[in-house]
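Please read the points in order.

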Amino acid sequence: MQRVTWVGHGTALVDLDGVRLLTDPLLRNRVAHLQRRVAPPAAEAVRDLDAVLISHLHRDHLDLPSLRRVPRDLTFVVPRGAGRMLLRRGFNAVREVAPGDEVTIGAVTVQVTEALHHGGRGAFGASGPALGFVFEGTRRIYHAGDTDLFDGMREIGATGLDLALVPIWGWGPRLGPGHLNPLRAAEALVMLHPRRAVPIHWGTYAVGPAARRPQAYLSAPLAPFVAAARELAPDVEVVPLEPGESIEL
């Protein structure tokens with residue numbers, strides 16, 4: 001089975017060549033002032049995992065309470081500088097990586113890429129680079145993490161991508177530096193030129209008490225991204241998913 005499930009936000013479950021990999025687990029119903037608009041993933045999403053991969057140290061990508069739902073003896077692939085944080089909490093198979101590194105997990109090779117994003121935990125927290133990942137087996141899948149456009153995207157796509165998981169938004173209507181908006185996400189598809197693309201990092205969490213009501217910003221980025229991708233990268237099949245939905249490869 002070759003399948004990718006968008007769990008929500010930056011979290012994706014990659015089933016490739018008998019290997020199950022989970023990225024940036026954010027599995028809670030409420031995170032600080034943010035409330036998940038759909039139910040958190042069922043236990044099946046974290047069952048029989050082979051590894052967890054963390055793209056950077058921001059709290060919506062390295063969420064320590066969410067990590068309590070995964071076994072502590074799993075392999076954790078984390079940015080250089082994050083290992084101590086996890087080791088102190090009992091995760092004992094932690095591998096720190098930086099762009100250019102490779103990690104073999106079963107039949108899958110994980111190539112660590114750069115990402116144009118501030119990856120640290122905050123002024124007094126751990127620091128480390130922001131990363132993306134290319135999962136290579138019988139299919140080649142790119143998870144961009146959080147990033148803005150960078151020249152290396154052309155190299156990532158040069159040898160062919162079956163699927164790109166591309167962030168198109170942030171928490172809400174305001175984006176800080178180091179994020180792709182819908183137009184720039186479509187421009188990323190021009191550089192990456194994958195066969196198919198799934199937009200991620202949008203439409204999962206709403207802000208505070210207002211989360212009980214529909215929020216325009218939850219769905220706002222999707223239509224502009226699809227339209228821009230159709231214009232700029234017409235050969236790329238864009239496959240929008242709802243949190244919890246999957247795409248077969």
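1. The model is a predicted one. In a regular strand, side chains alternate between the two faces of the sheet.

2. Strand β3 spans residues 19-23 and is mostly covered, with five of its five residues buried.

3. On one side, β3 is joined to β2 by five bridges, and the two strands run antiparallel. Within this pairing, L16 has V19 as its bridge partner in β3. The hairpin of β2 and β3 has two residues between the strands, and D17 adopts a positive phi near 55° there.

4. Strand β3 also pairs with strand β6 (residues 51-53) through three bridges, in a parallel arrangement. Here T23 stands opposite L53 of β6.

5. D15 lies in strand β2, which covers residues 11-16. D15 counts as buried because its relative accessible area is 5%, against a cut-off of under 20%. Its side chain makes a polar contact of 2.8 Å with the side chain of R20. Leaving aside residues up to four places away in sequence, D15 touches M1, Q2, R3 and R20.

6. A separate point concerns helix α6 (residues 222-232), whose buried residues are L222, F225, A228 and A229. Viewed down the axis of α6, these buried residues fall within an arc of 135°, so they line one face of the helix. On the other side of α6, A223, R230 and E231 are exposed.

How values were computed: Residues are numbered from 1 along each chain as its sequence is written. This is a predicted model: local features need pLDDT of at least 70, side-chain atom pairs count only at pLDDT 80 or more; totals for chains, interfaces and linings use all residues. Side-chain values use heavy atoms; hydrogens and water are left out. Helices (H or I, at least four residues) and strands (E, at least two) are DSSP runs, numbered from the N terminus. Buried means under 20% relative accessible area, exposed over 50%, partly exposed in between (1.4 Å probe, protein chains only). A polar contact is a pair of N or O atoms within 3.5 Å; within protein, one must be able to donate a hydrogen and the other to accept it, and residues adjacent in sequence count only if both atoms are side-chain atoms. Contact means heavy atoms within 4.5 Å. The arc is that of the directions from the helix axis to the C-beta atoms. Two strands pair if DSSP finds at least two bridges between them.
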